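This briefing covers one protein chain, grouped by topic. The sequence and the model come first, and the notes follow.

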Amino acid sequence: MSIPKKVSIIEVGARDGLQNEKTTLPVALRVELIERLTQAGITNIEVGSFVSEKWVPQMANTDQVLDQLTRKDGVQYSVLTPNLKGFEKAVQHNATEVAIFGAASESFTQKNINCSIKESLQRFEAITQQAQKHNIPVRGYVSTIIGCPYEGAIDPKKVAEVAKTLFQMGCYDISLGDTIGVGTPLTFQKMLDEVLKEIPKENLAVHCHNTYGQALANIYTSLEYGIHKVDSAVAGLGGCPYAKGASGNIATEDVLYMLNGMNIETGIDINKVIETGQWICKKLNRENQSKVGLAKH
Ligand SMILES: [Zn+2]
């Protein structure tokens with residue numbers, strides 16, 4: 001057991017969260033959400049994405065969000081960039097980090113982007129090459145690391161293979177996503193056993209959805225493996241497009257409560273995150289998915 005003394009939170013509420021919400025927020029509120037979270041001490045934050053507005057209207061005008069933000073020193077402002085055009089926009093508007101994404105499931109990749117996993121990753125090579133020139137760190141997401149809505153259980157070796165490909169392409173950080181939240185501590189262990197053969201724990205993060213209420217258990221399991229980067233979303237923003245009514249990302253407040261209780265340092269003020277969670281839920285007219293946020297009401 002080597003539970004880390006310090007953990008970094010990667011706040012994904014303003015992108016992964018909001019893009020799965022029914023309500024589309026105006027730019028000013030997206031900016032305020034990001035500023036509130038960085039004021040709470042969050043230093044890694046996803047602020048939007050440059051995908052087609054037709055597909056993801058919630059993320060339209062991410063360029064304006066980047067331009068209007070009051071930036072804080074030492075904070076990474078990350079955007080999802082599916083192609084080179086998106087990457088160029090990200091550079092133009094001073095994103096300090098970009099993210100690319102792949103899945104560990106062939107059927108998921110086929111259904112979503114109509115190509116093989118290998119082809120899907122090759123499309124990102126142009127981005128990682130340009131990013132190196134501009135000295136911009138690239139984060140790589142691997143989704144469906146435990147289960148896939150189309151083919152069920154995913155082979156941990158496949159996860160390791162996709163993660164390794166992204167790592168070799170130059171991603172400094174690989175975020176392992178349990179997209180449909182079906183993982184348990186045992187399936188996480190089996191997956192991490194394989195992935196850690198290929199990638200050092202320093203370069204890994206876990207991204208747990210709480211669809212079946214297993215996210216904190218899976219995060220704890222990952223901490224036991226020495227992983228010290230955790231993705232989460234304030235108020236548990238987001239949803240799960242593959243399970244109706246199901247919750248999305250694990251709430252940042254709930255992760256912080258667990259870490260605080262374990263005396264693990266994060267540098268984040270949990271009370272400010274709770275307040276922000278309650279505030280954003282009112283703006284979105286939705287229920288707070290954070291247990292801690294509800295308890296501290
Ligand atoms: Zn997510």
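**Strand β8 and its neighbours**

β5 and β8 run parallel and are joined by four bridges. The model is a predicted one. Eight strands close into a barrel, with parallel pairing, in the order β1-β2-β3-β4-β5-β8-β9-β10. From one strand to the next the twist averages 25°.

- Between them the chain passes through helix α9 (residues 185-198), in a β-α-β crossover that is right-handed.
- Gly-177 has His-207 in β9 as its bridge partner.
- Which residues of β8 point one way, and which the other? Asp-173, Ser-175 and Gly-177 point to one side, while Ile-174, Leu-176 and Asp-178 point to the other.
- Residues on both sides of β8 are buried. The strand is largely enclosed by the rest of the structure, because six of its six residues are buried.

**Start of the barrel and the helices across it**

- Strand β1 (residues 8-11) pairs with strand β2 (residues 44-49) in the parallel sense, over two bridges.
- The bridge partner of Glu-11 in β2 is Ile-45.
- Helix α2 (residues 27-39) lies across β1, β2 and β3 (76-80). The angle between α2 and β2 is about 170°.
- Helix α8 (residues 156-168) lies across β4 (97-103), β5 (138-143) and β8 (173-178). Relative to β5, α8 runs at about 165°.

**Nonpolar core**

- How many residues are in the largest nonpolar core? It has 90 residues, and those that touch the most other members are Leu-33, Ile-174, Leu-176, Met-191, Ile-219 and Leu-237.
- Helix α12 (residues 270-284) gives the most to this core, with seven residues.
- Leaving aside residues up to four places away in sequence, Leu-33 touches Ala-14, Leu-18, Val-234, Leu-237, Thr-276, Trp-279 and Ile-280.
- Two of the residues named for the core, Ile-174 and Leu-176, point the same way from β8.

**Ile-100 in β4**

- Ile-100 is placed in strand β4. Its relative accessible area is 0%, so Ile-100 counts as buried.
- Beyond residues up to four places away in sequence, the contacts of Ile-100 include Thr-81, Phe-124, Ile-127 and Thr-128. Val-138, Arg-139, Gly-140 and Tyr-141 are also touched by Ile-100, as are Leu-166, Met-169 and Cys-171.
- The C-alpha atoms of Ile-100 and Thr-221 are separated by 25 Å, and the two residues are 121 apart along the chain.

**Helix α11**

- Helix α11 (residues 252-261) is largely enclosed by the rest of the structure, because seven of its 10 residues are buried.
- The buried residues of α11 are Thr-252, Glu-253, Asp-254, Val-255, Leu-256, Met-258 and Leu-259.
- What covers the buried residues of α11? The cover includes β1, α10, β10 (229-232), α12 and α13 (291-295).

**Loops and positive phi values**

- Most residues other than glycine have a negative phi.
- Asn-61, which is not a glycine, has a positive phi of about 65°. This residue is found in the loop between β2 and α3 (62-68).
- Is Asn-61 buried or partly exposed? Asn-61 counts as partly exposed, because its relative accessibility is 33%.
- Asn-94 is also not a glycine and has a positive phi of about 60°. Its place is in the loop between α4 (84-92) and β4.
- Thr-211 lies in the loop between β9 (204-208) and α10 (215-224). This threonine counts as buried because its relative accessibility is 16%, and the cut-off for buried is under 20%.
- The side chain of Thr-211 reaches the backbone oxygen of Ile-180 at 3.1 Å.

Key
Residues are numbered from 1 along each chain as its sequence is written. This is a predicted model: local features need pLDDT of at least 70, side-chain atom pairs count only at pLDDT 80 or more; totals for chains, interfaces and linings use all residues. Side-chain values use heavy atoms; hydrogens and water are left out. Two strands pair if DSSP finds at least two bridges between them. Axes are lines fitted to C-alpha atoms, for helices over the stretch in contact, and angles run from 0 to 180 degrees between N-to-C directions. Contact means heavy atoms within 4.5 Å. Buried means under 20% relative accessible area, exposed over 50%, partly exposed in between (1.4 Å probe, protein chains only). A polar contact is a pair of N or O atoms within 3.5 Å; within protein, one must be able to donate a hydrogen and the other to accept it, and residues adjacent in sequence count only if both atoms are side-chain atoms. A nonpolar core is a set of buried Ala, Val, Leu, Ile, Met, Phe, Trp, Tyr and Cys residues joined through side-chain atoms within 4.5 Å. A crossover is right-handed if, with the strands pointing away from the viewer, the path from the first strand over the helix to the second runs clockwise.
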